[in-house]
Amino acid sequence: MDIKALSENILAGDRRALARAITLVESGRADHRAAATELLALLARSGREALRIGLSGTPGVGKSTFIESFGLMLTGQGLRVAVLAVDPSSARSGGSILGDKTRMEHLARDPNAFIRPSPSQTHLGGVARRTREAVALCEAAGYDVVLIETVGVGQSETVVAEMSDLFLLLLAPAGGDELQGVKRGIMEMADLILVNKADGDLKATATRTCADYAGALRLLRKRVQDPPGFPKAMTVSAVEQTGLESAWAEMRALADWRREHGHWANRRAEQAQSWFVQEVRQALLARLETPQARALMTSFGAQVAEGALGPVAAAQQVLDALPER
Ligand SMILES: Nc1nc2c(ncn2[C@@H]2O[C@H](COP(=O)(O)OP(=O)(O)O)[C@@H](O)[C@H]2O)c(=O)[nH]1
Ligand SMILES: [Mg+2]
């Protein structure tokens, strides 16, 4: 594979090259991993930066419909939009984006949009790594906005929030008692809460729900990365395409404020550092997955079970005997 040529095609904005590169970073093969590392290093020099927007919400809240409407609004303004998904459950559900591609029919056909479904991997660490790398590839390809969708299974919201500049929580109109259903930790990560389906019969309920969440947000601890008034709750309708312009204006205002006040650069630096740490951890864990390492684990494990060796001594011997790569 010609990595140099692939990188040039990605920089030129070729969507097929981008798709191939994402397939490459998703691969578990050692030679593919080496090629992916080389590619990411070449592309890191581009210095291109997108607005990375994390989007979370339970199934049925309208994420796909929102991404379609919001994405089309952005491409309508001449922006290029990439959509990625973090869905550790996708092996079971068949992929959160692929499953309802019909809801993103128009965006999927838009030449200024790129949609990539979640890979069928159940291991969150693996999905997280692949998504982080896919985000970097999309940035190098010149996308202005990268939307990262998650259904919020287990820790996936945290994973997405950690790789995003802005984190949106999409909610449905609901009775007051359901407010408690949103975990405090998720509320604390949100920069913007969007109460979707503020249309037709649901409009009044959506407005009330929005006020409830605005109240709940005010009770949270103040964060240094927020200007006055943030985090904020707003109503939108993905179907009627209302509230999307104001939501976008708030996102830009927040991003601009964070840039001007140094929070943006700090956060990006922290993210890069945490990416590095996770990369080292993953690589160390991968060393346990080679055939020799597995054989060592099996034989020493058996000796520990028989009482021939203590667990601590056995662990040390395995670590000493572990192949370098
Ligand atoms: N009334 C109304 N229904 C919506 C809106 N957005 C999504 N829906 C409906 O909610 C259902 C789930 O939407 P979907 O986008 O698939 O949700 P997801 O599971 O979060 O991706 C579908 O029947 C949509 O038509 C909205 O703004 N208003
Ligand atoms: Mg969906």
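Modeller: A word on terms before we start: domain bounds come from an automatic or database domain assignment. Also, this is a predicted model.
Biologist: Okay, which domains does the assignment give?
Modeller: The assignment gives domain 1, residues 1-46, and domain 2, residues 48-261.
Biologist: How many residues of each take part in the contact?
Modeller: Domain 1 gives 13 residues to the contact, and domain 2 gives 13 residues.
Biologist: Which elements of domain 1 give two or more residues to the side that touches domain 2?
Modeller: Those are helix H1 (3-11), helix H2 (15-26) and helix H3 (30-44). H2 has the largest share, with six residues.
Biologist: And by class, what is on that side of domain 1?
Modeller: The side of domain 1 that touches domain 2 has nine nonpolar, two polar and two charged residues.
Biologist: Switching to the sheet. What is the strand order?
Modeller: The order is E3-E2-E4-E1-E5-E6-E7, in an open sheet of seven strands with parallel pairing. Strand E3 (113-115) and strand E7 (232-235) are the edge strands, each pairing on one side only. On average, neighbouring strands of this sheet are turned by 20 degrees against each other, direction ignored.
Biologist: How many bridges join E5 to E6?
Modeller: Four bridges join strand E5, residues 166-171, to strand E6, residues 192-195, and the two run parallel. Leu 171 stands opposite Val 195 in E6.
Biologist: What about the ligand? How many residues surround ligand 1?
Modeller: 18 residues surround ligand 1, and the closest are Gly 62, Lys 63, Ser 64, Thr 65 and Lys 197. By class, this shell has five nonpolar, eight polar and five charged residues.
Biologist: Where is Lys 197 in the chain?
Modeller: Lys 197 is in the loop between E6 and H11. Its phi is positive, about 70 degrees, although Lys 197 is not a glycine. Most residues other than glycine have a negative phi, and most peptide bonds are trans.
Biologist: Which residues does a cis peptide bond join here?
Modeller: A cis bond joins Phe 230 and Pro 231, with omega about -10 degrees. Pro 231 is in the loop between helix H11 (203-218) and E7.
Biologist: Last topic, confidence. What is the mean pLDDT?
Modeller: The mean pLDDT of the protein is 89, and 90% of its residues reach 70 or more. Over residues 91-97, however, the pLDDT is below 50. That stretch has 22 contacts in the model beyond near neighbours in sequence. Where pLDDT is low, the predicted coordinates should not be read in detail.

Terms used. Residues are numbered from 1 along each chain as its sequence is written. Chains are lettered from A and ligands numbered from 1 in the order in which they are written. This is a predicted model: local features need pLDDT of at least 70, side-chain atom pairs count only at pLDDT 80 or more; totals for chains, interfaces and linings use all residues. A residue is near a molecule or strand if its C-beta atom, placed from the backbone, lies within 6 Å of it. Ala, Val, Leu, Ile, Met, Phe, Trp, Tyr, Cys and Pro count as nonpolar, Asp, Glu, Lys and Arg as charged, and the others, Gly among them, as polar. pLDDT is the predictor's confidence in each residue, from 0 to 100. Two residues are in contact if their C-beta atoms, placed from the backbone, lie within 7 Å. Two strands pair if DSSP finds at least two bridges between them. Axes are lines fitted to C-alpha atoms, for helices over the stretch in contact, and angles run from 0 to 180 degrees between N-to-C directions.
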